[in-house]
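Here is a brief report on one protein.

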Amino acid sequence: ARRKLVYGWTLASAGAGDDPMMAFVPTGQSGGTGGMKDVRMVRAGHDTIVRMPFSCAALVARGDNVYGFSKDGYVMVAAASRQKVNAYRMPFEIDEVFGVTDGGAAIVRADSTVYIISLGN
């Protein structure tokens with residue numbers, strides 16, 4: 001009863017738990033140099049496709065959200081309950097994404113500095 005056809009989509013990130021949020025991207029956007037823009041959020045009875053305003057180098061599915069991170073310093077939050085994606089510009093380029101905490105804080109690295117970015121929930 002909970003099966004979904006995901007042909008043509010590649011799993012980019014999955015949350016934890018019995019009913020995790022899963023973030024899929026079109027196979028052509030997975031691992032490519034163009035980044036990930038189209039994100040399909042799948043969870044139990046929920047299946048939504050959103051378009052990120054900026055190309056993502058990394059995606060993290062956590063709770064009811066999918067977080068996108070661009071190399072040029074944009075952090076995006078897509079919530080399962082709405083079609084609009086919020087984007088925030090950081091004053092630095094993001095080199096590496098370590099993850100997102102339960103409280104909605106992203107942990108990223110820029111150059112040799114690690115930042116904790118509070119995104120709320």
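## Fold and cores

The protein has eleven strands and zero helices. Strands (E, at least two residues) and helices (H or I, at least four) are DSSP runs, numbered from the N terminus. The order of elements from the N terminus is β-β-β-β-β-β-β-β-β-β-β.

This is a predicted model: local features need pLDDT of at least 70, side-chain atom pairs count only at pLDDT 80 or more, and totals for chains, interfaces and linings use all residues. Residues are numbered from 1 along each chain as its sequence is written, and side-chain values use heavy atoms, with hydrogens and water left out.

The radius of gyration, taken over C-alpha atoms, is compared with a globule rule of 2.2 Å times the number of residues to the power 0.38. For 121 residues a compact globule would have a value near 14 Å, and the protein agrees, with 14 Å. Overall values follow.

| Property | Value |
|---|---|
| Box of C-alpha atoms along the principal axes | roughly 45 × 30 × 20 Å |
| Accessible surface | about 6700 Å² |
| Distance between mean positions of the 13 positive and 11 negative charges | 7 Å |

Areas come from the Shrake-Rupley method with a 1.4 Å probe; for residues, only the protein chains shown count as cover. Carbon and sulfur atoms hold 51% of the surface. Lys and Arg count as positive, Asp and Glu as negative; His and the chain ends are not counted. Each charge is placed at NZ of Lys, CZ of Arg, CG of Asp or CD of Glu.

Of the 121 residues, 44% are buried. Buried means under 20% relative accessible area, exposed over 50%, partly exposed in between (1.4 Å probe, protein chains only).

A nonpolar core is a set of buried Ala, Val, Leu, Ile, Met, Phe, Trp, Tyr and Cys residues joined through side-chain atoms within 4.5 Å. The largest one has 17 residues, and V39, M41, M52, L59 and V66 have the most contacts inside it. β2 (22–26), β3 (36–43), β4 (46–56), β5 (58–62) and β7 (74–79) each supply at least two of its residues. A second, separate core of 14 residues includes F69, I94, A106 and L119.

## Two residues

W9 lies in strand β1 (residues 9–14). Beyond four places in sequence, its contacts (heavy atoms within 4.5 Å) include F24, P26, V39 and I49.

D111 sits in the loop between β10 (105–110) and β11 (113–118). It is not a glycine, yet its phi is positive, about 55°. D111 counts as exposed because its relative accessibility is 62%.
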